[in-house]
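Hi everyone, thanks for coming. Let me walk you through a structure that may be new to you.

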Amino acid sequence: MKGFHSLLLLVVSLSFAVSYAAPIKVLDFYLHDKVDLTNPSNSTVVLVAGPKNLQFGAVLVIDDVLTKGPSRDSEIVGRAKGTYISDDSTNTTTGLFLTFVAVFKDGTMSMYGQDNIFDEVRELAVIGGTGAYRFASGYAQIRTYKLIPPLSAILKIRVFYKN
């Protein structure tokens, strides 16, 4: 029985070593938030609940275009489908809880985390995926590439992941 436990320990150790040795992959894209609270049919972000001033309790649904470059005319690589939730009851930060699935031609990647929109760099956790991104784990860095008044923006997202 001692030999079996030793063999089992060796197999488990090797499987962890192989999973940690997987190379880190990098994926870059731009997310285009188009917000028009007066004409939701002209938006990719829609307020579905909560105060119209987007303070605490506001829930927004997103269906944003993801592009290879910062221009909206750049090659479309996917869509971001998810939610923003204004989650600071003191209204002292510009914090939004962001959860979305990046839908690409070859699979999806799920991310979530806090997006304090005026911080230079924000991080989201990569919590899984499908297709080419099956078992993805890692993190994404978000930077505001451009603000488009009054509420729209282009975000640069760089994802570091293993799968």
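Let's begin with the largest nonpolar core, which has 29 residues; Y84, F100, M109, M111 and V159 have the most contacts inside it. By a nonpolar core I mean a set of buried Ala, Val, Leu, Ile, Met, Phe, Trp, Tyr and Cys residues joined through side-chain atoms within 4.5 Å. At least two residues of this core come from each of β1, β3, β4, β5 (95-104), β6 (107-116), β7 (122-131), β8 (137-148) and β9. Strands here are DSSP runs (E, at least two residues), numbered from the N terminus.

A quick word on the source: this is a predicted model, where local features need pLDDT of at least 70 and side-chain atom pairs count only at pLDDT 80 or more, while totals for chains, interfaces and linings use all residues. Residues are numbered from 1 along each chain as its sequence is written, and side-chain values use heavy atoms, with hydrogens and water left out.

Back to V159: what does V159 touch? Not counting residues up to four places away in sequence, its contacts (heavy atoms within 4.5 Å) are K25, V26, L27, F29, M109, M111, V126, Y139 and A140.

Now for the loop between β3 (59-67) and β4 (76-86), where E75 lies.

Terms used: Helix = DSSP H or I, 4+ residues; strand = E, 2+ residues; numbered from the N terminus. Buried < 20%, exposed > 50% of the residue type's maximum accessible area, 1.4 Å probe, protein only.
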